[in-house]
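Open your viewer and get your selection tool ready. We will go from stop to stop, and at each one you will hear what to select and what is there.

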Amino acid sequence: MSAHVLPRKLSVSRSDIEDFLFGEAALLDDWKLTEWVALFEQGASYYVPTAGAPDDADPATSLFYIADDYHRLTERVKRLLKRTAHVEFPHSRCRHMVSNVRITGGDDSAFSVTSNFATYRSKRGRTELYFGHHLYVLTLASGAIRIRQKTSFLDSDDIAEQGKVSIII
Amino acid sequence: MGFQTPVAELPLVDDRSAQGIFRVARRAFVESDVLDIERREIFGKCWLYLGHESEIAEPGDFLTRGVAGRSLIFARSKDDEVRAFFNTCPHRGAMVCRERQGNAAMFRCFYHSWAFDLDGKLIMRPGNESYAENANANGEHNLVPVPRLEAYRGLYFLNLDHNAVDLATYLGNTKEFIDLVMDQCADGMEVVGGTQEYGFKANWKLLAENSMDGYHGQPTHATYFDYVMSTNGGLGDTVVKISKPHDLGGGHAVVEYGAPWGRPIAKSVPAWGKEGEDETAALRASLTQRFGEERAKRIAYTNRNMVIFPNFVINDIMAITLRTFEPVGPGQMRVNAWALAPKGEAPKSRQRRLYNYLEFLGPGGFATPDDCEALALCQEGYANAGEAGWNDISKGLNQDRPSIEDEVQMRAFWREWSLRVEGEGR
């Protein structure tokens, strides 16, 4: 792995980005999904490849669990807030842990960030753990960080224990 | 005989069709004794789906996969022969192949370094001179092949029973419906990269029922239909008006129906725009040329959810999924799901197909997670099986023209299950 060099053209620091990612996690913990999806810019995408997929997995050629364009992402949020999204009614309790935040390249117009995650979901006496890393493409617009793309890679061999990806991990 | 009769004194499948009664005892979903019989009489004797030929397309390609609780190697030898072996060294039993897939000239067990070619033959045994000359005379030191391995239209099945009927006979009437899927491309079909390996906290038979259950669609998947409406400005045209369940015999069953969603082969929806419309029109024209109007229309517009007894599903709906599921315990199953697509499909079409697949199917879709929940709730409800002991599967009994919202297809499954688990005498 090459030595990490902070991109020069980026006008936000890692701690600014951490604040943003921790804030995102708090919205997800609190099921504030309408506020969460507002962190994405128009045209953004949200992906969860199948467990163990490589970082360059492409939803145009490989089967994922989730490959949402902006329209379907907003529809996913609408769905999850309905009583008829049975798997999440009543809402499961979730806790999103985010760490190891690194800026891996880019400039204010688009920069890449990776983080590690451990997300716990609990419902009816069962607790499931989702763990892996997120890859973000973020952008700065009028001083605010926005998500252009979020991909959540799961490190488990499969999701036989978790069964489904019914929450935003 | 009535609802007061103790459950244990009745057969698990209480089939009194003439009286409008068809019930299944909830004990069948929770008791480990039942699972033991299923492992022996069903998973030990039925043809079980292993994989598709396209997953090991080149000589040397292999993958490892679990079927019926066995750990298997599915491989294509350098002579282009498709093989399946138990993934265990004939020497001391260690798992020989630890990779999920790849291309190899040999498999080597790391424990004592015995090595095998892709036909399973022993090719290296360190300290060979210390073994008797005839130590592998009858192949005792080769990888053990599965008792039976046969294919139909690229789908490989195995059978643990040497005496089983041949695969084509076993598949019986399902072949007509497999053909409707495999005929979708003149060059054949292929499995797309990426397997969805997930699980349900429920008995495996609940997913057999659910996979071809037309009755649960609206209530369970209301949010999916909300999404279709919101995306396409309405539910859209189903084109074909049929709704037919078929008991195919042997426990196999299929439902055929029209539905509002888009089908990559070859029914467009407004969200796909003019490009999607043109493309599906061209695909339909090609189908018509190959098969004539009637069959082309059946391939293009009709949806099919089929269960090949006991645990293989081919759903040809808004995309095509192949799915297997098998018990880990009475209340837990593992599921493998793949996307099947035409070979050489145009990149835009492939992209649209995969997008379509994920709108409904799989652990992150808008529908399957709710099935996951429904089945888990059934299983949790069976904690009460001692007192609330029966599932009702009588819908549509004795109807002249049952629809897919009736339960003909589940009864087909359960009658075969009963025959195998409870025997003909029950």
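Which residue stands opposite B:Val67 in β5(B)? Select B:Val67 and look across: the residue opposite is B:Arg70 in β5(B).

Before going on, here is how to read the model. It is a predicted model, in which local features need pLDDT of at least 70 and side-chain atom pairs count only at pLDDT 80 or more, while totals for chains, interfaces and linings use all residues. Residues are numbered from 1 along each chain as its sequence is written, and chains are lettered from A and ligands numbered from 1 in the order in which they are written.

**Stop 1: around β5 of chain B**

Select residues 70–76 of chain B, which make up strand β5. Helices (H or I, at least four residues) and strands (E, at least two) are DSSP runs, numbered from the N terminus. Five of the seven residues of β5(B) are buried, so this strand is largely enclosed by the rest of the structure. A residue is called buried if 20 or more other C-beta atoms lie within 10 Å of its own, exposed if 12 or fewer, and partly exposed in between, with C-beta atoms placed from the backbone.

Two strands pair if DSSP finds at least two bridges between them. The hairpin of β4(B) and β5(B) has two residues between the strands, and B:Ala68 takes a positive phi near 55 degrees.

B:Ala75 has B:Arg83 in β6(B) as its bridge partner. In this hairpin five residues lie between the strands, and B:Asp80 in the turn has a positive phi of about 70 degrees.

**Stop 2: another hairpin**

Select β1 (residues 13–16) and β2 (residues 21–25) of chain B, an antiparallel pair with four bridges. B:Asp15 stands opposite B:Phe22 in β2(B). Four residues lie between the two strands, and B:Gly20 in the turn has a positive phi of about 80 degrees.

**Stop 3**

Move to helix α2 (residues 32–43) of chain B and colour B:Leu35, B:Glu38, B:Ile42 and B:Phe43, which are buried. Why do they line one face? Seen down the axis of α2(B), the buried residues fall within an arc of 70 degrees, so they line one face of the helix. The arc is that of the directions from the helix axis to the C-beta atoms. An α-helix has 3.6 residues a turn, so residues three or four places apart point the same way.

Turn to the other side of α2(B) to find B:Asp33 and B:Asp36, which are exposed. The buried residues of α2(B) pack against β3 (48–52), β19 (320–329) and α12 (408–422) of chain B. Two residues are in contact if their C-beta atoms, placed from the backbone, lie within 7 Å.

**Stop 4: the sheet of chain A**

Select the six strands of chain A that form an open sheet in the order β2-β1-β6-β5-β4-β3, with mixed pairing. Its edge strands, β2 (64–68) and β3 (93–107), each pair on one side only. Four bridges join β1 (residues 40–49) of chain A to β2(A), and these two run antiparallel. In this pair, A:Pro49 stands opposite A:Phe64 in β2(A).

**Stop 5: where the chains meet**

How many residues does the contact take from each chain? It takes 30 residues from chain A and 36 residues from chain B. On the chain A side, β2 and α3 are the elements that give two or more residues.

Select α3 (residues 70–80) of chain A and α7 (residues 222–232) of chain B, which pack at an angle of about 140 degrees with their axes 10 Å apart. Axes are lines fitted to C-alpha atoms, for helices over the stretch in contact, and angles run from 0 to 180 degrees between N-to-C directions. Show A:His71, A:Glu75 and A:Arg79 in α3(A), which meet B:Thr223, B:Tyr227, B:Ser230 and B:Thr231 in α7(B).

**Last stop: a buried tyrosine**

Select B:Tyr355 in helix α10 (residues 347–360) of chain B. Is B:Tyr355 buried or exposed? B:Tyr355 is buried, because 22 other C-beta atoms lie within 10 Å.
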